[in-house]
Amino acid sequence: MSQETISGTDPSPDADDESLISPSPGADAVGHERTTGEQSETRTVVETQALDVYYGEERALQEIDIEIPAEKVTAIIGPSGCGKSTFLRCINRMNDLVDSARVEGELLFEGKNVYDADVDPVALRRRIGMVFQAPNPFPKSIYDNVAYGLRVQDDTENLDERVETALRRAALWDEVNDRLDESALDLSGGQQQRLCIARAIAPDPDVLLMDEPASALDPVATSQIEDLIEELAQDYTVVIVTHNMQQAARISDKTAVFLTGGELVEFDDTGVVFENPEHQRVEDYITGKFG
Amino acid sequence: MATDSGRDWFGSEKTTGYAKGRAFELGCLAATVFGIFMVFVLLLYVVVDAFALTTPEYGPWLDGDFLTSAHSRFPEKAGIYPALVGSVMMLIVIALSAFPIGVGTAIYLEEYASDNPIATLIEINIGNLAGVPSVVYGLLGLALFIRFVGLGTGTVVVGGFTVGLLILPIIIISAQEAIRSVPDSMRTASYGMGATRWQTVWRVVLPEALPGILTGTILALGRAIGETAPLIMIGAAATVFSPPSSFFDRFSAMPRQIYAWVSFPKYEFQYGVMAAGVVTLLTVLLLMNATAILIRNRYQRQ
Ligand SMILES: Nc1ncnc2c1ncn2[C@@H]1O[C@H](COP(=O)(O)OP(=O)(O)OP(=O)(O)O)[C@@H](O)[C@H]1O
Ligand SMILES: [Mg+2]
């Protein structure tokens, strides 16, 4: 994927989806348009090489090497404070907002190092959506929340339709279609989180990052969200952080286990990680011998 | 609790310190009552004078005529109309000048420069500026707007700009607080959606902070409407007989007019007319504060 070139870092709001990176004319299936056939092996969307993250002097991630496949669900598990959120925030450069954070090494998105000087983080984030641990809808109407991403990208064609599509995909449409003008803050926690998912997928990003999206929810809302993630994985590359082993085992194709100190200890197919992990430490963690 | 006997379970004065707490509570209550009582006495005093409640033969000083007529040599004919209009016009100048500058400064300090040393220095000094006596602002207005810029002495714009400078730090500080109270999760959500900083400020932060900013600004305007010293320094007229015809006309404002009445030799001016002026001023002030509270309650979220 090295033949891909950066076509521009135009930060203007009307810059379209392809502005961050576009495949060079001769690029094969590596191009970022979604491959539909099963025959194309797992294409890598996000790849890191010796990724280190520091908060001031403290090192939160060490030498992470990982290849996240397209249109699959990759789960990230590990004990609290091991750097899962930090890793997620690296992918769409949300760590730029943390003053003390410093990133070393490479993080390639579609073959382009997102930490290169010519990458515009705003354009990057328009292609990598994010759902946060706590639901954080804007204090605006339900409609305005979902439309937000499209509006900031100045991409408001068929807005009504696309808002509806996003809400349907987030399994929220039936609950809110008669009150789109009401404040999003009047929704329940589970509804708010699904609204945040709708908001994240409305602009149709390539990758969806989810940081413990179900951690504040009851079992019913959680299973709704899990169904949703499986559904979304048909079109999106999903990277999900979770503390819930069963959840990771249920919904993910690949699982990455981070352990204390910010190391990526194991990364493999979910079945392998859960049934036959390579490292004793991982097995101990998964079986709850240490946390 | 693991003591052998349970003798301390019900506490005693010695162990609980309730007496101290009780005394402190009473002290605070006394302080509150004293403060409110003094304000109440003052209000009662001016209201009694303004409506001539103790000397009904003079009629109420504060009536429709008082609000619609100009000053007169005869106390029973004197009114506050030109000064009332002058005050309102001055407020308009202040709102149009100090509000955008103040809010702009607050946005810059909070959203753009939150962690650079110059911004920190500016911030500390804004705090200091809020404490500078108003006479000094009057001098500044005189030097800056009249001597340097060349605007007319005692005109509405000069009054508005000068008092605007005076309340600028208050507007900035209250706007900063309003902006700071917007949760960071809102900004994170916005950036996470691929919004630029500009979009985040305009579409998320400002709409959320606006009620707080407006409330703070109205309260600051309330402070502005009562300022007298700067108006004297910039040469606002003690008394005018007709409201200013434009923003570049000379004017008088309510507190300036009240101050003039107090120094009149006639007893009726010093008491009745002055009291009517004070009650008018306080009423306007009260209305403004009520608006501020209304805005705050209207937009307050859970
Ligand atoms: N903004 C920050 N400033 C300084 N240090 C931070 C910051 N955010 C995270 N850290 C540190 O980085 C390390 C990893 O944090 P991170 O939030 O990525 O952990 P996590 O795996 O997501 O934990 P959890 O499961 O509890 O959410 C922790 O030691 C934390 O103290
Ligand atoms: Mg986390």
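## Around ligand 1

In chain A, β2 (58–69) and α1 (84–91) each supply at least two residues of the shell around ligand 1. Helices (H or I, at least four residues) and strands (E, at least two) are DSSP runs, numbered from the N terminus. The biggest giver is α1(A), with 4 residues.

This is a predicted model, where local features need pLDDT of at least 70, side-chain atom pairs count only at pLDDT 80 or more, and totals for chains, interfaces and linings use all residues. Residues are numbered from 1 along each chain as its sequence is written, chains are lettered from A and ligands numbered from 1 in the order in which they are written, and side-chain values use heavy atoms, leaving out hydrogens and water.

## Who touches the ligand?

How many residues surround ligand 1? There are 15, and the closest are S80(A), K84(A), S85(A), T86(A) and H243(A). A residue counts as near if one of its heavy atoms lies within 4 Å.

Let's look at some oxygen atoms of the ligand. A polar side-chain atom of S80(A) lies 2.4 Å from one, and for S85(A) the distance is 2.6 Å. In H243(A), a side-chain N or O atom is 2.7 Å from an oxygen atom of ligand 1. The protein buries 66% of the 620 Å² that ligand 1 exposes when taken alone (Shrake-Rupley method, 1.4 Å probe).

## How confident is the predictor?

Chain B averages a pLDDT (the predictor's confidence in each residue, from 0 to 100) of 88, and 94% of its residues score at least 70. The complex gets an ipTM of 0.82 and a pTM of 0.80.

How values were computed:
A polar contact is a pair of N or O atoms within 3.5 Å; within protein, one must be able to donate a hydrogen and the other to accept it, and residues adjacent in sequence count only if both atoms are side-chain atoms.
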